[in-house]
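This report walks through one protein model.

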Amino acid sequence: MDIALLKDKFRTSKWRIYLARVIAVIFIFLIDIRPSFIGFLIIFSGILIRVWASGYLKKRKKLAVSGPYRFTRNPLYLGTILIGVGFWVMSDSFFILLPFFAVFAY
């Protein structure tokens, strides 16, 4: 593999996705998740917001101003925060909430 191509690939923001997946797997094994209807509703609403926002997004082509973008500038972030909060409600542990917001803020 070409070194320049590898450097460009590393510079992209995709490393955040891989880091989030690794942290999610660690949390799944370390935290006791209890079924919670409220937690499920929060997670489900976060997923719905992300799916709704993805349908209106045209990357690098047109500024999204309709759909969920009418109400918030970053509905994908809002959906991700709701998913994290939903998992926190289901785990009832700050061990999951504080690292989630630290990584999200970064």
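## Trp52 and its contacts

The model is predicted. Start at Trp52. Setting aside residues up to four places away in sequence, Trp52 touches Gly67, Pro68, Arg70 and Phe71. Trp52 and Gly67 sit 15 residues apart in sequence, yet their C-alpha atoms are 7.6 Å apart in space.

Trp52 belongs to helix α3, which covers residues 37–56. Buried means under 20% and exposed means over 50%, so a value in between counts as partly exposed.

## Ser54 in α3

Helix α3 also holds Ser54. Ser54 has a relative accessible area of 44%, so this residue is partly exposed too. Ser54 and Gly67 are 13 residues apart along the chain, and 9.9 Å separates their C-alpha atoms.

## Ser91 in α4

Move on to helix α4, residues 75–91, where Ser91 lies. Ser91 has a relative accessible area of 3%, so it is buried. What does the side chain of Ser91 reach at 3.2 Å? The backbone oxygen of Trp88.

Leaving aside neighbours within four places in sequence, Ser91 is in contact with Ile31, Asp32, Ile33, Arg34 and Ile96.

## Phe104 in α5

Phe104 is found in helix α5, residues 94–105. This residue has a relative accessible area of 28%, so it is partly exposed.

Which residues does Phe104 contact, apart from its neighbours within four places in sequence? They are Tyr77, Thr80 and Ile81. Take Thr80 from that list. Phe104 and Thr80 are 24 residues apart in sequence, while their C-alpha atoms are 8.8 Å apart in space.

## The largest pocket

Rolling a probe the size of a water molecule over the atoms shows where empty space is left. Here, the largest pocket has a volume of about 1300 Å³. Its lining is made of 32 residues, and those closest to the centre are Ile17, Ala20, Arg50, Thr80 and Phe104.

Which helices supply the lining? α2 (14–30), α4 and α5 each give at least two residues. α2 gives the most, with 11 residues. By type, the lining divides into 22 nonpolar, four polar and six charged residues.

## The whole protein

The protein has five helices and zero strands. From the N terminus on, its elements run α-α-α-α-α.

How much of the protein is buried? Of its 106 residues, 19% count as buried.

Take the contacts between residues at least 6 apart in sequence: 62% of them join residues at least 24 apart. The pair Phe104 and Thr80 has a separation of 24 residues.

The protein exposes about 8500 Å². Carbon and sulfur atoms supply 69% of that area.

How values were computed: Residues numbered from 1 in each chain as written. Predicted model: local features only at pLDDT ≥ 70, side-chain atom pairs only at ≥ 80, totals over all residues. Heavy atoms only, no water. Helix = DSSP H or I, 4+ residues; strand = E, 2+ residues; numbered from the N terminus. Buried < 20%, exposed > 50% of the residue type's maximum accessible area, 1.4 Å probe, protein only. Contact = heavy atoms within 4.5 Å. Polar contact = N/O pair within 3.5 Å; in protein donor to acceptor, adjacent residues only side chain to side chain. 1 Å grid on protein atoms, 1.4 Å probe; cavity = no way out; pocket = protein on both sides within 12 Å on 5 of 7 lines; lining within 4 Å. Points joined across faces, edges and corners; volume = space filled by probe spheres on them. Nonpolar A, V, L, I, M, F, W, Y, C, P; charged D, E, K, R; others polar. Areas by Shrake-Rupley, 256 points an atom, 1.4 Å probe, with all protein chains shown as cover.
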